[in-house]
Each structure stands twice: as C-alpha cells, then as structure tokens.
Amino acid sequence: MIEQINPVVDALARAHAELHGVVQDVEQMLKSSDRSRADLGAALQRLRDDWVEHVHFEEQGGYMEAVLAKKPNLERTVRHLLAEHAAMIRALDDVVRDAKAIAVEDASLRGKVSAWLATMRQHESKENTLVEETFSLDTGVED
Ligand SMILES: [Fe+2]
C-alpha cells in the first residue's frame, strides 16, 4: 500500500524545514569564537523576519484553518498555538533588542537565544503532532 502524504502535513514540514537554515546560522554563530555583535544581530533579525513570515503562513492558509475545518473540537489547541506565536514574536523582539545592546559574549544573551530556540522546537513538535493526528486517517482513498 502506498502511503499518501497529506498536503497540509507536507506544507507544514516544508515550512519548518525552511526555517532551519537561519536557525543553524544562529546556532553556529553562538558557538563561534570570532562572532561579532553585528553578525549575531543580523542573523537574529533574519530569524525574526523569517519567523514572522512563517507564523503568518501558518495562520493564513497554513495548517490552522485546515485543522479547524476537519476537527472544530481542536479549536482550543489551535488557539493555544496561536497565542504561542504572538508570545514568541515578543520574546524574539526582546532577544534582537538585547543583541544590539549586550556584548555578544554575554552568557545571558546566549541563554536567551538558546531558550527561544528550544521553545520554538517544542512549538514545532506540537504542531507536527497536531497535523499528523488530524490527518492521519487520510489515506487518499476517500469516496
Ligand atoms: Fe507555529
């Protein structure tokens, strides 16, 4: 039997994968000893811009509407993920602001960036689980 990938699941996986390039850039910069404040600040700003674009996709035509159309009872879960988007934008704005003001070697900046990335991964994982569970019974053999 050929397993069909649901387009919503596939689109979310691709959207998450698109973010990973800039996430890797930021992580490399945190590890690098010759990183500069300007470089890290620029990478964090790119991450912020890509993140805003990413959540806009998810909220407007991405997985959220598709999940609610199929399973309206999951509205609370979707609302929670929506609230996380807003909170994560605010948190990332704070990190970008800090990166401009704090020395790049500062452990607190490094800790904030790492914490944000960990939160993002948890958030992505919840989204992946939601769409996979919502569309897991779609086998492409409807009607
Ligand atoms: Fe999201």
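**View 1. Helices H1 and H5 cross in a left-handed sense.** The model is predicted: local features need pLDDT of at least 70, side-chain atom pairs count only at pLDDT 80 or more, and totals for chains, interfaces and linings use all residues. Residues are numbered from 1 along each chain as its sequence is written. Left-handed means that the near helix is turned anticlockwise from the far one by less than a right angle. H1 spans residues 7–31. The axes of H1 and H5 come within 11 Å and cross at roughly 170°. H1 is therefore roughly antiparallel to H5 (an angle over 145 degrees). Axes are lines fitted to C-alpha atoms over the stretch in contact, with angles from 0 to 180 degrees between N-to-C directions.

**View 2. The contact of H1 with H5.** H1 contributes Val8, Val9, Leu12, His16, Val23, Val26 and Leu30. Among the H5 partners are Arg110, Leu117, Glu124 and Phe135. Contact requires C-beta atoms, placed from the backbone, within 7 Å. The contact residues divide into 10 nonpolar, two polar and four charged (nonpolar: Ala, Val, Leu, Ile, Met, Phe, Trp, Tyr, Cys and Pro; charged: Asp, Glu, Lys and Arg; polar: the others, Gly among them).

**View 3. Glu124 in helix H5.** H5 covers residues 107–135. Glu124 is partly exposed because 17 other C-beta atoms lie within 10 Å (20 or more would be buried, 12 or fewer exposed). The C-alpha atoms of Glu124 and His16 are 7.4 Å apart, across 108 residues of chain.

**View 4. The chain as a whole has five helices and zero strands.** Helices are DSSP runs (H or I) of at least four residues, strands (E) of at least two, numbered from the N terminus. Of the 143 residues, 19% count as buried.

Conventions: Angles under 35 degrees count as roughly parallel, over 145 as roughly antiparallel, 65 to 115 as roughly perpendicular and the rest as oblique. Two residues are in contact if their C-beta atoms, placed from the backbone, lie within 7 Å.
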